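Please keep the sequence and the model at hand while reading.

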Amino acid sequence: MAVMVPFLSFILIFSLVSVGNSLSSNYYEKTCPHLESIVAQAVKKATASDNTAPAALLRMHFHDCFVRGCDASVLLNSKVKHKAEKDGPPNISLHAFYVIDNAKREVEDSCPGVVSCADILALAARDAVFLSGGPYWDVPKGRKDGRVSKASESFQLPAQTFNISQLQKNFAQRGLSLEDLVALSGGHTLGFSHCSSFRNRIQNFDAKHDVDPSLNPSFAAKLKSICPVKNTPKNAGSTMDTSATTFDNTYYKLILQGKVLFSSDQALLTTPETKNLVSKFAASEGAFYRAFVKSMIKMSSLNGGQEVRRDCRAVN
Ligand code: HEM
């Protein structure tokens, strides 16, 4: 599928002068004036030959921010006797790290030692959404990179088997509301999931049901055929929604039909507040975009690290 060219009418620009601690829109105005175009070019170039890159970058930023704040801890490589976050189970399927490496290399050529990897990742996630036809927003910058990354901490990420109270608690621990949960889950309009991530819903679901009864039966049958009990190919799986390279509100329409992959997606229908938001976003792409941008800025302003890393894969 080709990546959709974004329509200008859908561009939402949210100009924030300052968010959170010391983040600001013009943080690199003097020290690295071409930063944003360098990162945008790197994302665009990668996407031209790999249309899975935007989804990967958006997810990578979320996984970064939810563990130790947005501090690029997810980018650090493991060492011989130390397993980094990247190699924790929920992060094994992260990919497209090369896009951040390429962007960082170009940024270092223009403005050495100034721009954090965490800021590059936050910009790349925004560019990934925009390139996929979604909204544009002004990213507050000035994050620092962290020096700690532990595989064990990757379990702080929410699991796809979570119910709504587990999801609510996990998000609240980061100062994020139920509205943020519903809006940010809209990231599942992009990308792909492996069978292992939703197999629990199509096989031995619980004592009474083989298949999760909240799944649409024909959708469940399709997932079962993609992910057979025996000899499932390692890379088998499903796209997250029916237009998985386009950032749109299809995901919410599919939740209402029981055609989403994870229990955590379907769980958004289980409280009146979250159900109303799902219906609102299914009915109005504009309302989804506005809420998504607001929640992304909130999530991506979670506090992070201490230094500006020279190489995104290793501490200084
Ligand atoms: C609410 C809790 C969430 C849970 C439990 C969750 C879980 C998952 C799981 C299990 C996968 C599939 C991994 C695989 O099998 O390869 C996935 C994929 C993905 N997630 Fe989430 N996620 C959540 C929230 C988010 C948020 C907040 C975003 C971004 C704003 C996001 C963006 C993505 C994207 C873009 C993919 C596709 C990745 C790719 O194609 O490489 N997710 N998620």
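## Two domains

The C-alpha centres of domain 1 and domain 2 lie 24 Å apart, the bounds of both coming from an automatic or database domain assignment. The contact between domain 1 and domain 2 takes 15 residues from each of them, where contact means heavy atoms within 4.5 Å. In the domain assignment, domain 1 covers 11-157 and domain 2 covers 164-295.

This is a predicted model, in which local features need pLDDT of at least 70 and side-chain atom pairs count only at pLDDT 80 or more, while totals for chains, interfaces and linings use all residues. Residues are numbered from 1 along each chain as its sequence is written, and side-chain values use heavy atoms, with hydrogens and water left out.

## The chain as a whole

The secondary structure of the protein chain comes to 12 helices and four strands; these are DSSP runs numbered from the N terminus, with helices (H or I) having at least four residues and strands (E) at least two. The C-alpha atoms fill a box of roughly 60 × 50 × 40 Å, taken along the principal axes. A compact globule of 316 residues would have a radius of gyration near 20 Å, and the 19 Å of the protein chain agrees with this; the radius is taken over C-alpha atoms, and the globule rule is 2.2 Å times the number of residues to the power 0.38.

Of the 316 residues, 53% count as buried, a term that stands for under 20% relative accessible area, whereas exposed stands for over 50% and partly exposed for values in between (1.4 Å probe, protein chains only). Among the contacts in the protein chain with a separation of 6 or more, 76% are accounted for by residues 24 or more positions apart.

## The largest pocket

The largest pocket has a volume of about 1400 Å³. Of the 50 residues that line the largest pocket, the closest to its centre are Arg 59, His 63, His 188, Met 240 and Phe 262. A pocket here is an open set of points on a 1 Å grid over the protein atoms alone, where a 1.4 Å probe fits, with protein on both sides within 12 Å along at least five of seven lines, and lining residues have an atom within 4 Å of a point. Grid points are joined across faces, edges and corners, and a volume is the space filled by probe spheres set on the points.

Which domains contribute to the lining of the largest pocket? Domain 1 and domain 2 each give at least three residues to this lining. The elements that each supply at least two residues include helix H2 (53-65), helix H5 (164-172), strand E3 (192-194) and helix H12 (285-299), and the largest share, seven residues, comes from H2. By type, the lining of the largest pocket divides into 27 nonpolar, 20 polar and three charged residues, where Ala, Val, Leu, Ile, Met, Phe, Trp, Tyr, Cys and Pro count as nonpolar, Asp, Glu, Lys and Arg as charged, and the others, Gly among them, as polar.

## The second largest pocket

About 220 Å³ of space lies in the second largest pocket. The elements that give two or more residues to its lining are helix H1 (35-49) and helix H3 (97-110), and H1 gives the most, with six residues. Residues of this lining include Ser 37, Gln 41, Lys 45, Tyr 98 and Arg 105, and the lining divides into five nonpolar, three polar and three charged residues.

## Selected residues

Ser 193 is found in strand E3 and counts as buried at 3% relative accessibility. Leaving aside residues up to four places away in sequence, Ser 193 touches Phe 198, Ala 236, Gly 237, Ser 238, Met 240, Leu 261 and Phe 262. Gln 266, found in helix H10, is also buried, with a relative accessible area of 9%. Beyond residues up to four places away in sequence, Gln 266 touches partners including Arg 201, Ser 214 and Ile 255.

Arg 68 lies in the loop between H2 and H3, and its phi is near 65°, a positive value in a residue other than glycine. Ala 96 lies in the loop between H2 and H3 as well, with a positive phi near 70°. Arg 68 is partly exposed, with a relative accessible area of 35%, whereas Ala 96 counts as buried at 6% relative accessibility.
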